Amino acid sequence: MELSKAPTNQDKQIAAAAYNKFSQLPGAQHIATDFALSHLSRLLFDIQPKRVLEMGAGIGTITHLLIHHPVAIGKIVSTENNQFCLQALKENIGKSTDQWTLVPDLPAVLELGFTYDLIIIDGILDDARGYAVFQNGVVCFVEGIRKEIRDALINHLASRPLTCQFTSYIRPPKLRFSKKRLFGLIPKLKYQTKKGCHIARIAN
Ligand SMILES: C[S@@+](CC[C@H](N)C(=O)[O-])C[C@H]1O[C@@H](n2cnc3c(N)ncnc32)[C@H](O)[C@@H]1O
């Protein structure tokens, strides 16, 4: 599925607000990139989802963007069960509300019994029962690379039989300094990896 257009300045501002806030917080090494966040913002404007499922809330960068996005999403359900992240979510997002529900895993998502317009995958999808939430018409947004997860989802859906054709948006390569040091002193230059995001609408 293709976005209607490239992320606008508004999308970039929304992404930067979330990224700049969360990149300063403990545990920030695993947060979504500002590139992926700006594409997610554009997707939200494009599809105006009423209910969103977020798999892998981490420390809450995407959660924060979803809660505060101008499209005013009615219901957001996030999964997380890592103890460090649960404490971070308490501090960074707060308690569950009518709009936002935090659950530990996919079986708990299924117990809620909702359907979703958009499913965001920024964590693991390690419980086959969780595939039940991927229904015809649902839009999937995958952050990062996660090729194995995308391939497993595509293969699973093919057996139902449904299709899930991802459009990949890949961050342009950029030179940056690596954490590694040459001779223990000089920072090494390296290209950023092929990270980005991948978007598909499930169809039959
Ligand atoms: C890529 S992270 C999710 C990041 C989140 N969407 C964000 O942008 O803040 C995926 C998974 O890694 C684990 N994780 C994330 N940050 C972690 C940390 N600082 N320490 C340990 N586990 C972490 C969590 O279980 C999380 O669900």
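Predicted model: local features only at pLDDT ≥ 70, side-chain atom pairs only at ≥ 80, totals over all residues.
Residues are numbered from 1 along each chain as its sequence is written, and side-chain values use heavy atoms, with hydrogens and water left out. Local features need pLDDT of at least 70 and side-chain atom pairs count only at pLDDT 80 or more, whereas totals for chains, interfaces and linings use all residues.

Buried denotes under 20% relative accessible area, exposed over 50%, and partly exposed in between (1.4 Å probe, protein chains only). Strands are DSSP runs of E with at least two residues, numbered from the N terminus; two strands pair if DSSP finds at least two bridges between them.

Strand β5 (residues 139–143) pairs with β10 in the antiparallel sense over 5 bridges, with Val 139 opposite Arg 201. Antiparallel pairing with β10 is also found for β7 (residues 167–170), over 4 bridges; here Tyr 169 stands opposite Cys 197. Strand β6 (residues 163–164) pairs with β10 over 2 bridges, again antiparallel, and Cys 164 has Ile 202 as its bridge partner.

Leu 182, Phe 183, Leu 185 and Ile 186 make a nonpolar surface patch of about 480 Å². Accessible areas come from the Shrake-Rupley method with a 1.4 Å probe, and for residues only the protein chains shown count as cover. Phe 183 lies in the loop between β8 (175–182) and β9 (186–191) and is exposed, at a relative accessible area of 75%.

Definitions and conventions: Patch = residues over 30% accessible without salt bridge, like charges linked within 9 Å, V, L, I, M, F, W, Y side chains within 5 Å. Salt bridge = Lys/Arg side-chain N within 4 Å of Asp/Glu carboxyl O.
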